[in-house]
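Thank you all for coming; I would like to walk you through one model this morning, and I will go slowly.

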Amino acid sequence: MSHWEEKYRTKVIPWDRGAVSPALLGWLDDNELQAGRILIPGCGHGHEALELARRGFQVTALDIAPTALTHLATELHAAGVDAERVCADALTWQPAQPFDAIYEQTCLCALDPNHWAVYEQQLFAWLRPGGKLFALFMQTERAGGPPYHCAVPEMRTLFPSTRWQWPAGEPGRVGHPNGFFEFAAELTRLG
Ligand SMILES: C[S@@+](CC[C@H](N)C(=O)[O-])C[C@H]1O[C@@H](n2cnc3c(N)ncnc32)[C@H](O)[C@@H]1O
C-alpha cells in the first residue's frame, strides 16, 4: 500500500480543506477558468473536481490513492454529476488527448523534489499549447517533506519562461487551515 493510500484509509489527511479551495472559487469568479477539458492531478477527495463538474467542465481527476477516488466517486454520484477518475502515477500517466487546463493543487509538493523536473515535463505535455496551469505552490518554509516547500524562485526555474508564461506581479497568497499557505499562479503553456 502506498504512503498516500494509507493516509486516506486511516483518515490522516491534514491537507484536506473539506471544502473547495478559495483559490479555485476566485479564478472561477474572475472568469479565468473557462469550461473545457481540465485535469486535476493529485485530486485527493476532489472537492475542486466536484465543483468543476457541477459547473459543466469535463473533469479528469487523477490520484495514486484509490480510496481518495472512491470518496470522489461517491460525492459525484450524490451530486448527480460525473468526472473521469484515473488511479495512476502522475509521473508516468499519459492521456489520450491534451487538456485545456490543469488545476494543480499541491500535488507538486507531495512529490520528492528529485521528481519535480519529470513532473514539469508531464504538466507541459498534458496541456495543449496555450493551455493554462492553475498552480498552488505550497509554502512550508521548512526542510523536508511531504509537503515540500515550493519556493517561488525555484518554481520560476522549474517552470522556465521559455516554456511557461508567468503572470505579471507576485503570486497571490492563499491560506490553509493546516497553518501553511500557498502561492497561486496562473501559468500559460507556450509553444
Ligand atoms: C497534499 S495532497 C493534496 C490533495 C488535494 N489536491 C487537496 O488539496 O486536498 C497530495 C495528493 O497527491 C496524491 N499523490 C501523491 N503522489 C502522487 C503521484 N505520484 N501520482 C498521483 N497522485 C499522487 C496523493 O494521494 C494526494 O491525494
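This is a predicted model: local features need pLDDT of at least 70, side-chain atom pairs count only at pLDDT 80 or more; totals for chains, interfaces and linings use all residues.

**Around the ligand, then the helices**

Let me begin with glutamine 105, which has a polar side-chain atom 2.7 Å from an oxygen atom of the ligand, a polar contact being a pair of N or O atoms within 3.5 Å. Residues are numbered from 1 along each chain as its sequence is written, and side-chain values use heavy atoms, with hydrogens and water left out.

The side chain of tyrosine 8 likewise has an N or O atom 2.6 Å from an oxygen atom of the ligand, and for aspartate 89 a side-chain N or O atom is 2.9 Å from a ligand nitrogen atom.

Turning to the helices, which are DSSP runs of H or I with at least four residues, numbered from the N terminus, we find that the axes of α3 (residues 47-54) and α4 (residues 66-79) come within 10 Å and cross at roughly 30 degrees; axes are lines fitted to C-alpha atoms over the stretch in contact, and angles run from 0 to 180 degrees between N-to-C directions. That makes α3 roughly parallel to α4, since angles under 35 degrees count as such. In the contact (heavy atoms within 4.5 Å), Ala49, Leu50, Ala53 and Arg54 of α3 meet Leu72, Glu75, Leu76 and Ala79 of α4.

Definitions and conventions: Helices (H or I, at least four residues) and strands (E, at least two) are DSSP runs, numbered from the N terminus. Angles under 35 degrees count as roughly parallel, over 145 as roughly antiparallel, 65 to 115 as roughly perpendicular and the rest as oblique. A polar contact is a pair of N or O atoms within 3.5 Å; within protein, one must be able to donate a hydrogen and the other to accept it, and residues adjacent in sequence count only if both atoms are side-chain atoms.
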